[in-house]
Every structure is written in structure tokens, then in C-alpha cells.
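Subject: Structure handover

Hello,

Here is the structure you asked for. My notes on it follow below.

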Amino acid sequence: MTSNNPLTIRALFSGRLLLSCLVLLPLPGYAAEPVLPQQSSTTVQPSSLPTMALIESQAVPDHQTLEQNRARIGEIVVIRRNVFDPNLPEENIFVFRLANALHIVTRESIIKRQLLFNPGDVYVHRVLTESERLLRNNGYLVDAEIKPVRYHEDANSVDIEVTTTDAWTFTGSINFGREGGSNSFSAEIAESNLFGLGKNLGLQFSSTVDRNETTINYTDPLLLGTRNQLKVIYGDRSDGQKKYLSLSRPFFSLDSRWAMGIAAGSESLTDSLYEFGDVYSQFKHYSETASAYMGFSRGYIDRLVYRWRVGFEKELDEFSYHPDYLTDSLPDDRDFRFPYVQFSLYEDKLIKTQRIRLIRRLEDLNLGNEASIKIGWSDEVFGAANEGLVFESNANMAFKPSINQLLLFSPEFSGYVSESRAENTKLGFSSKYYLPHVANQVFYMALSAEYVKNPYLDEQVLLGGDSGLRGYPLRFQQGDRKFLFTLEQRFYTSWNLFELANVGGLVFFDIGRAWFPGVEKTLNTEVLKDWGIGMRLASTRSSGAVVLHVDLAFPLDGDDSIDNTQLLISTQETF
């Protein structure tokens, strides 16, 4: 890939609009907690919103005593806090008060509907902490805390206080990018807590080198006041359409005994094949998916959850020539239709922590083992054109070599085996290591690798600037195998920019390669290395986890077609 510019700008910048301004003002913060602190309740400042009721805390027995006495849950009081706390001087300014006035606080009924306990239930501390996590998992809540606050000895009952803090959920984004002389642009407007009901409605327009697209999506996680979930997506593209509909009743808690769901979707688009960052072939791609399943479980037993799922899936992929590439090879059409059985294991060792995926935002991390295996058989009896074994398996494991060290390891194995051979069979893993060796700093290492046996032509194994090799163009190397190793020294500052974003930084080194065996060795096909520096801005108020990445990377290998400086700007969900 050639370029006449000494600096290639590769950017996808998302400006989250909180009202219409973001003032960059460094304010003192607080010292970061250890990477793996002991599980404890978070501290929330009091608020004076008139819709909130406060229970005066009184001494209550500890969790073990309440459980041994089989205390019953008494009154449940919900304290709903707005985005900004006017009792804090740094948040008691006009723009924040205006934001609170415009924001609709999550309704009490929506919060109570997600709790796993009711008045009269026997007190179980694990159920309270799990309810807390479920609330925190909602992007429209920044934090949630549930605790017993008053014990009634005569009735052997305990009152429970549920405190939630809302995020700013009405967001707009403007994204721009430039790659290889082509511009991209997108704009989005979304409300992830519609009318305070926890529903998500979004509209997005995007224009990239691949296509123009307008998408509308709607998600209702508590359909008609039940545990049922509805999701609808419709996208109109310059090269096709996208449609998706799902209705499900998931395993909403660790003790859930059953689940079920149905889903269907279709998609049409133009697929592109890449080499050294350039498109060398294109073809039309139409796909259909449909699925239905039932799930069963014995519930939560001694920190373990075993779940079984039986279902049926359809996966159809059809390919046709692109007018500009009529002589190129096409992927083979695929038509899988198969019943399947799936088994999953979950070990509950969840803790509260910080500085794993985000900067100073509370995170829930499971230190227990998780595993899943899914096996199906596609056959012409079910109308399939492809016959054979379809399988998928993955796992997540966590190790603590010492109290401050953390190692996460995630292997996966999936594919399709016909009577004649294995196709698109993938074997890979990813691992991440965290070590907070200096105050407010974390040393981070990551290693991932993947091998694909007889990969489908439309599912390339790619490596480049968009997949972790930051000093090189997007989709630069291809093959049937790849590896990537990353070193980072992460810095967590105490700056909080105008109470809207926490600030971090890093120095990094990447090394990796994607290749086919026997490929001709050139400067661009060998192992590639880069180093660089970066900055992170982690949103503290907006819905979901939003982290602005700004990286300046310097390639150490490759030929003269690769620019000696790469600037990457993107928004992601993690550090």
C-alpha cells in the first residue's frame, strides 16, 4: 500500500454529547484501589432529590447471623439518584443541574422488577449481591448498592435499602475516519433508558468505504413487565439490508431454572477480501439465520450452576459475483440446519474491582471457571445442503499467582466436520495478565493465537491496526493462523475532567503475524513489531462503558509503503 503522506491518520472518533459541551478541567480525584480489592459495599454520597426516600441506618446483625436466624425481608426502599449530585460543590453548577432536570430518573418499578427478592422472602446475602450486579449491568445505571439497614427483632425481619445512580442516557455521537484516501462518517442518536423504563431506542447513519447504512434498533429487556426480552434491528444499506428479531426469556439469575427463546434474521451486503490493507476482491453475500431453544437448570448449588440447552438452528449463506470481479473465485454456498444440545458450567466467584477493563469505574469480575460446549448435527433430513458435525466450545478461567496478580485465560474450539474433511475449524486462545507493581500503575501483558483449518473464503484471518497491531494499516496481514503479543505499562491518574471523564495513559509494544504456511517471505509478511504511547478518557456519566482511545504508534518493520507514524483514535468499551 502506497502513501505520499508521512502521517497516516486512521480515526474513529466518537464525541458523546452531554448537553452540548465538554469542558476539560482537571480536578483532584481519589487514589485508585488495588486491582483486586476485597468485596465490599461502595460508598455513595447522599442526594437531596425530592423523589428519594432515605432510611436511617441502624445496627443490624451481620449477614451470617441473618441467614442463620432465617430472617425475613421486610420493607424494600429504593433510593434513585440522578446523574449529578447537587450536594457536591463540584457538581452543583448550572449545566449539571440542567442535565438533571432534563434527565428522567429510572422508575422505581423498573428497579424493583429486576430484584431477585421480595418482601417475605428468607434473607440470603448472595441474592442481594447478585441483584446488585444485575442492576449494575444495565448501561443506564452507573452504580447500584443493596444492603440491610434495619432489623426488627420481634418480627425477625430486616429492611433492605436499594440505592442506584443513573447515567446520562440520551447520547449523540459523531464519528469520522480516514483510511487509504477514503473518508468515513457516522452519526448516532440513542436513548438507552427511554422514559426511565430501561428500554433502548437508537438511530444511526454511517458512510464508510464499504457502504452507506441507516440503522434503527429497539431493545426491551423487561417486555410488558416480565423477564422476557425483545430486540429488533432494521438496517437499510447501499448494498443491501439487515433485519433481526428476537424474543427470549433468558436465565436471568444464577438460580433460574428454565429459559427459552426464538430469533430470526437476514442480511445482504458486499464482502471484501483484503491483503496489505487493500481490497483485492469482492462478492455479494446473502445470509439467513433462525433459531429456537429451551434451557434447563437445577439452579445454584454450592457456587456452581449447570445448564442444559436444546434447540434448532438454521444458518444459510449464499454468494454471487460482484460486477467488478466477475472472474474471481466465490466462496461455496453453505446451508446448515441442525438440532443441538449445549452444556454450560458457571462457577460463582464474583468480586468487585477496578482497573481491569476501565479506569475508576466499579467492575464485576468472576474469578471462577466458566465453560460451554455445543454439539449439533446438520442433515438433509432437516433440509440442509451441508451434512456433518457442527460444534462450538469455549471457556474462561482466572488465576491469581499472588494477591495482586491476575491472569485471565480463554480458549475456544469450533468448526464443522463433514464426512470428507474439517472445514473452518478454529482453535485459539487469548490470555491477559495484570500486575499493579507501582502505585497508580499496572503492568499488562496479552497473548492471543488462532489457527483455522480450511477457512471459509469469506472469513479471513486478518491482523492489522484494527486488531491490535497498532503500528500498521487495518487488515494488513492475512493467513490461516496468527498470533499477537502485547506489553503495556498503564498509568491511572487522579484527574477527573470536569466530573465527566477519568484520565489514563500507557506505553505499549506489539508484536504479531498472520500467515499461510509456505508463503513467500517479504518485509510485509514476516513478524511485525511496533511501539507507541497512548491516552485514555473513560466516561464516568454516560450510559455503558465508553473509553476514548488516542494512540500514537511507530512501526518497527515492513517496507517503505508503511508510514512511519500511525495515529489511531477510537471509542471502545475497555481500557
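With which residue does Glu 288 form a salt bridge? The partner is Lys 314, and the closest N and O atoms are 2.9 Å apart; a salt bridge here is a side-chain nitrogen of Lys or Arg within 4 Å of a carboxyl oxygen of Asp or Glu. The pair links distant parts of the chain, with Glu 288 in strand β12 and Lys 314 in strand β13, 26 residues apart. Glu 288 counts as partly exposed because its relative accessibility is 23% (buried is under 20% relative accessible area, exposed over 50%, partly exposed in between, with a 1.4 Å probe and protein chains only).

On provenance: this is a predicted model, in which local features need pLDDT of at least 70 and side-chain atom pairs count only at pLDDT 80 or more, while totals for chains, interfaces and linings use all residues. Residues are numbered from 1 along each chain as its sequence is written, and side-chain values use heavy atoms, with hydrogens and water left out.

Overall figures

The protein chain has 4 helices and 28 strands, taken as DSSP runs numbered from the N terminus (helices H or I, at least four residues; strands E, at least two). Of its 575 residues, 47% are buried. The accessible surface is about 27700 Å², and 56% of that belongs to carbon and sulfur atoms (Shrake-Rupley method, 1.4 Å probe; for residues, only the protein chains shown count as cover).

Other salt bridges

The whole structure holds 33 salt bridges. One of them joins the side chains of Arg 211 and Asp 239 at 3.0 Å, N to O. Arg 211 sits in the loop between β7 and β8 and Asp 239 in the loop between β9 and β10, so the pair ties together parts that are 28 residues apart in sequence. Both residues, Arg 211 and Asp 239, are buried.

Glu 526 pairs with Arg 513 in a salt bridge whose closest N and O atoms are 3.6 Å apart. Glu 526 is in the loop between β25 and β26, and Arg 513 is in strand β25, 13 residues apart. Glu 526 is partly exposed at 28% relative accessibility, whereas Arg 513 is buried at 13%. A network of salt bridges links Arg 470, Glu 488, Arg 490, Asp 510, Arg 536 and Asp 551.

Nonpolar patch

A nonpolar surface patch of about 960 Å² includes Trp 258, Met 294, Trp 308, Val 341 and Trp 377. Patches are made of residues with over 30% relative accessible area and no salt bridge; like charges are joined within 9 Å, and nonpolar side chains (Val, Leu, Ile, Met, Phe, Trp, Tyr) within 5 Å. Strand β17 gives the largest share, 3 residues. Val 341 lies in strand β14 and is partly exposed at 36%.

Helix α4 (residues 125-136) is largely enclosed by the rest of the structure, because 10 of its 12 residues are buried. Among them are Arg 126, Glu 130 and Arg 133.

Ser 253, in the loop between β10 and β11, is buried at 9% relative accessibility. Ser 253 touches Leu 116, Glu 130 and Arg 307, not counting residues up to four places away in sequence; contact means heavy atoms within 4.5 Å.

Asn 396 lies in strand β18 and is partly exposed at 33%. Leaving aside neighbours within four places in sequence, the contacts of Asn 396 include Gly 368, Glu 370 and Phe 409.

Regards
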